[in-house]
Amino acid sequence: MNYQSVENISKSYGERVLFENLSFGINKDQKIALVAKNGTGKTTLLNIIAGVDTPDDGQIISRKGLKIAYLSQKENLDENLTIEQTIFNSDNEILKVIEQYENALKNPEDSETYQKAFELMEHNLAWDFETQYKQILFKLKLSELNKKVSTLSGGQKKRLSLAIVLLNKPDLLILDEPTNHLDLEMIEWLELFLIKEKLTLFMVTHDRYFLERVCNEIMEFDQGNLYRYKGNYSYFLQKREERIAHEHLVVDKAKNLFKKELDWMRRQPKARTTKSKSRIDDFYKIEEKASQRRNDHKVQLEINMERMGSKVVELHHINKSFDEKIIISNFDYVFKRGERIGIIGKNGTGKSTFLNIITGSIPVDSGKVIIGETIKFGYYTQSGIQINEGQKVIDVIKEFGEYIPLTKGRKISAGQLLEKFLFDNKKQYDFVEKLSGGELKRLFLCTVLIQNPNFIILDEPTNDLDIVTLNVLEDFLLDFPGNLLVVSHDRYFMDKIIDHLFIFENNGKISGFPGNYSDYRIYNDSNPAITENVKKGDSRKIAPIQGNLSYLEKREFNKLEKEIASLEKKKTVLEAQFSNDEIKPEKINETSLKLQEIINELEQKEERWLEISMKME
């Protein structure tokens, strides 16, 4: 079943052409990912499909009554509402039913309103949806429902927007970089959610493991052409390589033919017959094909970085807290030369703080941070780069360095580095304010690398970067002979460039693991699992139970299982009494209060159950 047809659309901004005569269709149950370089109009295309923008030419034809939900990179939230009000302020009818029920529970003395709300829940089969609604909010760390949107961080607003589109149950879900601002735990939950849900998906993401596991079709926009691959990311890579090899073969044949035809043209045939005129026309077509060149850059550098002494960075008994929250507790580590360490952990566990402590931006509360005399940091932060209006791209990078020295007396200039990171000669002389968000990130990376550091620190470097740029960055870092310290939620990126992990846990605990992220997951998943069948639709069902709890936590977990089951039975009995009019009028208020107490206790115990089960993953 066709949901949407994109027919010959084009879009330009002034002289800048993003795409021309683009056509494709989106069918029911397809999970499509769009892959393209930054600056080629991915977000613009999503805006057009979602109806937020319009094409210059062509049209979008949608199935009648098609319900679309769009997660854009710009949040459109009412700052005056709370989290709960924002969620209920959508067009989802079931959410409105749940809202009525939640409000009825707050006023148990109004039995008529409660009865009506209860019947609506039954009629709309909203109980399972309510469970899922609470699960989504829990997984996205949005449990403080009375918190105003105006007080939320950028990451929290992004997660709230994500929760809204997931809860809206659309026919077509459009996602623009959904994994940005999510920690690894959230990403893996979202991955599982999208795999299990029967929905039609069209998205842009740089997360290659996410592409691999969620999508069943990849759409690539490359050098003005659209290519479709019916498979996941691995299949796309294989077929793309075959396509590019074929293109090279075609160009090589065209070059050989061009040489032959060029010789004929130089002889300037005197007889301008119809046949010769046709051959002249063909010559110019062959010339165009022969001059085609792919703009793919492989970074293969033998960097002659600044000398690194035997002492790199030493951390001795360091402690850091903010008010009552412990970020780092009595941590020791001595970095060795050439180590490549990745940092993982939930949002808010202090990963960025740790990087700022090492670079001296934030002092420790106690302990010592010793930096070797020869160490030169290159620090890529989440805050980005400060740009002066009117600057050109090449001028920005030259403020930080003119070249990177290579071995054997060679060097790579600022312009050559920019070219390797996909800024062609024309783009290097563009004004910086014309760059897209992803292009600005690329430029920031170049300003860090041109300084020729021997210790590179990257804080979420993959956000807003396209897959092509990520491949270039990975190639560069694989050649880099110095130390790497990386915070990233991009599992593919981490697997490729790091060989040791720091795992940030709660209460300031940091543990080490000798391997990459996939090694760590395999190690965790290999622990003996305890499986428990729970009723269909229960949010606890999706939490895999692993055996890495303390003895007291295991006892508490088993006790909670029994208590929750008992409370659910009591809740069901009381709700049945209301629905069957079995309660005497004088007992309605008392029974309503009792039901509310059971619901509150049940929610508390379920939240604690989920909290413990998270430790088992």
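Buried here means under 20% relative accessible area, exposed means over 50%, and partly exposed covers what falls in between (1.4 Å probe, protein chains only). The model is predicted, so local features need pLDDT of at least 70 and side-chain atom pairs count only at pLDDT 80 or more, while totals for chains, interfaces and linings use all residues. Residues are numbered from 1 along each chain as its sequence is written, and side-chain values use heavy atoms, with hydrogens and water left out.

Helix α7 is a handy place to start. Helices (H or I, at least four residues) and strands (E, at least two) are DSSP runs, numbered from the N terminus. Helix α7 takes in residues 184–196, 13 residues in all, and spans 18 Å from its first C-alpha to its last. That is close to the 18 Å expected at 1.5 Å a residue, where the expected span is 1.5 Å times one less than the number of residues. Its buried residues are L184, E185, M186, I187, W189, L190, E191, F193 and L194.

Two packed helices are described by the angle between their axes and the distance between the axes. Axes are lines fitted to C-alpha atoms, for helices over the stretch in contact, and angles run from 0 to 180 degrees between N-to-C directions. Angles under 35 degrees count as roughly parallel, over 145 as roughly antiparallel, 65 to 115 as roughly perpendicular and the rest as oblique. The axes of α5 and α7 cross at roughly 150° and come within 10 Å, so the two helices are roughly antiparallel to each other. On the α5 side the contact (heavy atoms within 4.5 Å) is made by Q132, Q135, I136 and K139, and on the α7 side by M186, W189 and F193. By class, this set splits into 4 nonpolar, 2 polar and 1 charged. Ala, Val, Leu, Ile, Met, Phe, Trp, Tyr, Cys and Pro count as nonpolar, Asp, Glu, Lys and Arg as charged, and the others, Gly among them, as polar.

Helix α5 (residues 126–139) also packs with α4 (residues 111–123), at an angle of about 90° and with the axes 6 Å apart. That makes α4 roughly perpendicular to α5. Here F118, M121 and E122 of α4 meet A126, W127 and E130 of α5, giving 4 nonpolar, no polar and 2 charged residues.

Over in strand β1 (residues 2–13) sits K11, a lysine that counts as buried because its relative accessibility is 7%. Its side chain has a polar contact of 3.4 Å with the side chain of D53; such a contact is a pair of N or O atoms within 3.5 Å, and within protein one must be able to donate a hydrogen and the other to accept it, with residues adjacent in sequence counting only if both atoms are side-chain atoms. A polar atom of the K11 side chain also lies 2.8 Å from the backbone oxygen of T54. Leaving aside neighbours within four places in sequence, the contacts of K11 include V17, L18, F19, T44 and I48.

M305 lies in the loop between α10 (274–290) and β10 (313–322), and at 17% relative accessibility M305 counts as buried. Its C-alpha is 6.7 Å from that of P453, 148 residues apart along the chain.

Most residues other than glycine have a negative phi. N21, in strand β2 (residues 16–27), is not a glycine but has a positive phi of about 50°, and at 57% relative accessibility N21 counts as exposed.
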